[in-house]
Amino acid sequence: MLGIIFSFSHSFESHKIKKTAFVFSLLGIAAGLVILGIRVYDPKGTNLFLIALNRKLAVSVACIALTSLVFTLLSGLFGNKFLRYTNLLLFGILIFISFSYLLPPVLQYTREFIYFGEAGISTNAMLRALGFTLGIAECLFLSLCSYEVHKSLRNNKEKYLFLFASVFIFALEYCAAAVTALQRLKILRTSDSLFNISVFDVMIWRGANPNAFLYAQLALALVMLGFVIKTHMKPWGEFANRALLRKEKARLRDSRRWSWSLSVFGLIAVFIVVILHYYDTKPPVEVQPEPYEIADGVISINLEKVSDGHLHKFSYVTANKFDVRFLVVKKPVGTSYGVGLDCCEICGPAGYYERGNDEVVCKRCDVVMNKNTIGFKGGCNPIPFEYEIKDGKIFIDTKELEQHGTRFR
């Protein structure tokens, strides 16, 4: 949508007016950086303020988007100069508020390149930084291609039609976000209805379909580029000389190329959101509980079974029918073992999984455990308990596990 709005701004004759969308973009980026700075450097003193501000910005984006939608329709129907200038001003405000709302959470990802327990410079951190950079580049290329494809449309009605459709999708997206924000601000209740649709249903649908409007925008881009390719195959009309004909052919060729570029970056966006997102968020392979010996209320595990350096999980069902899971892993330094519950004080019984050959990771917060610290208290480490190692075995009194049963309720 940003690319199409820039194309609309470019259609004005005045050079100062053409810069409107660009200027408001810079102002929005500056405002977003200020909000991010407040969030990062003073999180405790302004946390509640920032949460309320964020929700109000979501509502503001929806309101301005709806107003812009109305003026886009009026401008397309009547072509009035006042309507067009007002429409561009509204688009500028929309860009400003949208950047103020969207930029802080996007840039917040830069603070997550290095996970807890990782070295400052590591392959994983570099890959996350590279992925973030390529994601920003993908958005910029999508915007640039949309700008060029929309700009190549000669008919104003066609331009307004695609502009209206893009803003309509954006307005719908942020109307859904505004409903959630208004509920969080206690202005709406979950039982309230809008057009016979409850607030709760809107919130549930939005949570279950986070990328629906992205797909709608990409589908619109597909229609627009298909239209441009079809209508820009060959020059139409009479030309005073061959130079003008060659110039028109070059313009049509450039338009087709930008259209194909838009299709490529659109497919990349779908690949990222669907394929890469699936592999990034799919549940990890569960470490299955292993068998052990138990006699007279004491569990015994042979060290030979757990000396390979990998994560080993075990399960004990208490008298109250709580499934207490516990972990054993040989530490990479020395001959000691890390023993603890498949549970922590911070994330509860979410548990852990093994990633690669040397990472133990929390399922909930994705924090990587240092294997040498497993068995110690604190942080997201597995909760330790008493055990004994002798005669080549680990001995665990079931009374120790019984007292932790409620953690796994």
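A: A salt bridge is counted where a side-chain nitrogen of Lys or Arg lies within 4 Å of a carboxyl oxygen of Asp or Glu. The model is predicted, so local features need pLDDT of at least 70 and side-chain atom pairs pLDDT 80 or more, while totals for chains, interfaces and linings use all residues. Residues are numbered from 1 along each chain as its sequence is written, and side-chain values use heavy atoms, without hydrogens or water.

By this rule there are seven salt bridges. One of them joins Asp342 to Arg325, with the closest N and O atoms 2.7 Å apart. This pair links distant parts of the chain, 17 residues apart: Asp342 is in the loop between β7 (337-341) and β8 (352-355), and Arg325 is in strand β6 (residues 323-330). Strands (E, at least two residues) and helices (H or I, at least four) are DSSP runs, numbered from the N terminus. Asp342 has a relative accessible area of 0% and is therefore buried; buried means under 20%, exposed over 50%, and partly exposed in between, with a 1.4 Å probe and protein chains only. Together with Lys313, Arg325 and Asp342 are linked in a network of salt bridges.

A further salt bridge connects Lys393 and Glu293 at 3.9 Å, N to O. Here too distant parts of the chain are linked, since Lys393 in strand β12 (residues 393-397) and Glu293 in strand β3 (residues 293-295) are 100 residues apart. Lys393 is partly exposed at 25%, as is Glu293 at 46%.

Within helix α10, Arg251 and Glu248 lie three residues apart, about one turn of the helix. Their side chains meet in a salt bridge of 3.0 Å, N to O. Arg251 is buried at 19% relative accessible area, and Glu248 is buried at 18%.
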